[in-house]
Amino acid sequence: NHNAGEIAYVDYSGTQAPYSPENVTDPLMASIFVSTVGVSSYIFIYATPRQTTRDWIEAHVAMIEFYGGVPEIIIPDNPKALVTSSNPEKILNKNYEVFGKWYSTNILPGRPRKPKDKAIAENGVGFITNRIISNMLDMHFGSIEAMNQYLLSECKKLNSEKFQKFSTCRQELFERIDKPMLKA
């Protein structure tokens with residue numbers, strides 16, 4: 001069961017997408033951040049150069065701006081960039097911990113090797129990889145910013161598509177159910 005606007009599940013796709021800034025001979029690879037929130041499974045996608053603590057936090061801030069509010073809980077994996085120790089107790093990276101306090105959100109990393117803890121994020125990553133990232137592999141982007149403009153456009157399209165078995169879409173559910181429950 002999911003409460004409206006309560007949890008944002010976040011992860012990076014295992015598939016990276018190429019981009020080629022000017023004066024660079026070999027393409028660089030961008031990591032693709034994926035988030036889903038609440039009852040609506042509203043999707044957010046964002047590209048970063050790597051998966052450092054700074055990249056994770058930048059993607060989280062962009063996610064919060066996209067959602068227009070802060071979820072009660074954010075559930076990431078246990079990447080070393082965010083979690084400095086996971087045995088026996090999880091200890092967050094200091095910068096990530098400060099990020100959580102600044103936005104008054106709880107950060108609860110999933111258990112190591114337990115993808116079912118955040119199945120919604122895993123499903124979102126698979127969905128995004130099949131629908132968007134796989135198409136990006138043959139496209140040309142001159143910068144991360146250009147890639148993020150494309151991802152934002154595709155994200156809006158996906159969120160406005162009607163579900164196969166329902167007469168509504170993620171956008172409608174998000175606006176009606178999840179968004180009013182997000183914190184300012």
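What follows is a short chat about a predicted model of one protein chain.

Reader: Where is the confidence lowest and where is it highest?
Author: Helix α3 (residues 119–136) is lowest, with a mean of 79, and helix α1 (residues 53–67) is highest, at 97. The score is pLDDT, the predictor's confidence in each residue, from 0 to 100. The chain averages 89, and 95% of the residues score at least 70. Helices (H or I, at least four residues) and strands (E, at least two) are DSSP runs, numbered from the N terminus.

Reader: What should I know about the ground rules?
Author: This is a predicted model, so local features need pLDDT of at least 70 and side-chain atom pairs count only at pLDDT 80 or more, while totals for chains, interfaces and linings use all residues. Residues are numbered from 1 along each chain as its sequence is written, and side-chain values use heavy atoms, with hydrogens and water left out.

Reader: How many residues are in the largest nonpolar core?
Author: That core has 47 residues. A nonpolar core here is a set of buried Ala, Val, Leu, Ile, Met, Phe, Trp, Tyr and Cys residues joined through side-chain atoms within 4.5 Å. Those with the most contacts inside it are I32, F33, M63, Y67, M136, M147 and L151.

Reader: Which element gives the largest share?
Author: α1, with 8 residues. Among the others that supply at least two residues each are β3 (28–37), β4 (42–48) and α4 (144–160).

Reader: What does L151 touch?
Author: L151 touches I32, I45, Y46, A47, I132 and M136, not counting residues up to four places away in sequence. Contact means heavy atoms within 4.5 Å.

Reader: And M63, buried or exposed?
Author: M63 counts as buried because its relative accessibility is 0%. The classes are buried under 20% relative accessible area, exposed over 50%, and partly exposed in between (1.4 Å probe, protein chains only). M63 and F33 are 30 residues apart in sequence and 9.4 Å apart in space, C-alpha to C-alpha.

Reader: Switching topic. Where does S13 sit?
Author: S13 is in the loop between β1 and β2, and it counts as buried because its relative accessibility is 2%. Beyond four places in sequence, S13 is in contact with I32, Q51, V125, T129 and I133.

Reader: Why is T168 classed as buried?
Author: Because its relative accessible area is 13%. T168 is in the loop between α4 and α5 (170–178), and its contacts beyond four places in sequence are E161, K162, F163, L173 and R176.

Reader: Which residues lie nearest the centre of the largest pocket?
Author: S41, I43, F127, F163 and R170, out of 16 lining residues. A pocket is an open set of points on a 1 Å grid over the protein atoms alone, where a 1.4 Å probe fits, with protein on both sides within 12 Å along at least five of seven lines; lining residues have an atom within 4 Å of a point. The largest share of the lining, 5 residues, comes from α3.
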